Amino acid sequence: MSLQKDTLAAWQARYGEATTLPTPGPLITSMLQHRSVRAYDDRPVDEHTLSWAIAAAQSASTSSNLQAWSVIAVRDRERLARLAQLSGNQRHVQQAPVLLVWLVDWSRLRRLGQAIQMPTDGIDYLESYTVGVADAALAAQNAAVALEAQGLGIVYIGGMRNQPQAVAEELGLPSDTFAVFGMCVGYPDPAYPADIKPRLAQSAIFHQERYDASNEAHAVSTYDQLMSSFQHQQQRDERPWSNVAVERVTGPESLSGRHLLRAALNKLGFALR
Ligand SMILES: Cc1cc2nc3c(=O)[nH]c(=O)nc-3n(C[C@H](O)[C@H](O)[C@H](O)COP(=O)(O)O)c2cc1C
């Protein structure tokens, strides 16, 4: 298929309808073709492939150039098994050739402050935590795009937050760091191809000048149908996305243990003032 056809097909898969927009360059094609990959073949992930991805991550914007994030590559099979168990027994964590663990990392600036004997009390505020999460996420997503452009597949692992202290211990994290999510990386196993998952229509999430939810009900019911067809095609239970999504936020019990995150963060050195 030509690049133009690939791009238009990815748009169709993403929104369930065609576009007449002029087609952009190859980067956006690769981004629109994103799908989470949870099965990998046995090709190893080379160091140089990872280095390009980390360079892409470090090329992302970062608040005030503070670079308040770090990343750990885990390849050790036993450590992966333990991290898989800590993140809700996710098989793909155990099987991935590499797991990148993305950290909010204020320990570096804390150390720098100590070295030059300057206070670093600003780190203790919720604002700094938020900066760290935003920086880590921007970096990680740049890496994801770079890895996918090189033919690899990824899936984020929010399960890394189920037991933050045990994860911190496993990874030898210093105080003022937090594993915000993991990312399994590997070459997609052609025996288990993943498909492009549809998203809400742009009208539901893309506002002009001021917030406007007036078309939301229509967009959501269209999306529920689109997701039902997707689940049918995947031979999975057909359940309206709106129900499934709301179920994920019904109460603390639906947060996979992460309703205790504030207390865990406090223990990891984040005062969150
Ligand atoms: C921060 C974050 C955490 C996620 N955590 C997990 C996870 O723990 N396990 C998993 O299998 N997928 C996880 N995902 C993948 C999402 O389920 C997936 O991106 C979503 O269903 C959309 O599917 P797609 O990525 O194939 O388009 C996570 C995604 C993000 C962005």
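**Where helix 3 meets helix 7**

Modeller: Happy to! In this predicted model, the axes of helix 3 (residues 47-58) and helix 7 come within 7 Å and cross at roughly 140°. Angles over 145 degrees would count as roughly antiparallel, so this pair is classed as oblique instead. The crossing of helix 3 past helix 7 is right-handed. On the helix 3 side, the contact is made by Thr49, Leu50, Ala53, Ala56 and Ala57; helix 7 brings Ala139, Asn142, Ala143, Ala146 and Leu147.

Now look at tryptophan 69, which lies in strand 1 (residues 69-74). Among its contacts beyond four places in sequence are Ala57 and Ala139, and those two residues also take part in the contact of helix 3 with helix 7. Other partners of tryptophan 69 include Gln58, Trp102, Leu103, Arg108, Asp135 and Ala136. Aspartate 105 is another contact: it is 36 residues from tryptophan 69 in sequence, yet the C-alpha atoms are 4.4 Å apart in space. With a relative accessible area of 9%, tryptophan 69 is buried, because the cut-off for that word is under 20%.

Finally, the nonpolar core. The largest one has 56 residues, of which Leu99 and Trp102 touch the most other members. Helix 7 (residues 126-149) gives this core its largest share, nine residues. There is also a second, separate core of seven residues, with Leu200, Tyr223, Leu226 and Phe230 among them.

Notes:
Residues are numbered from 1 along each chain as its sequence is written. This is a predicted model: local features need pLDDT of at least 70, side-chain atom pairs count only at pLDDT 80 or more; totals for chains, interfaces and linings use all residues. Side-chain values use heavy atoms; hydrogens and water are left out. A nonpolar core is a set of buried Ala, Val, Leu, Ile, Met, Phe, Trp, Tyr and Cys residues joined through side-chain atoms within 4.5 Å. Buried means under 20% relative accessible area, exposed over 50%, partly exposed in between (1.4 Å probe, protein chains only). Helices (H or I, at least four residues) and strands (E, at least two) are DSSP runs, numbered from the N terminus. Axes are lines fitted to C-alpha atoms, for helices over the stretch in contact, and angles run from 0 to 180 degrees between N-to-C directions. Angles under 35 degrees count as roughly parallel, over 145 as roughly antiparallel, 65 to 115 as roughly perpendicular and the rest as oblique. A crossing is left-handed if the near helix is turned anticlockwise from the far one by less than a right angle, and right-handed if clockwise. Contact means heavy atoms within 4.5 Å.
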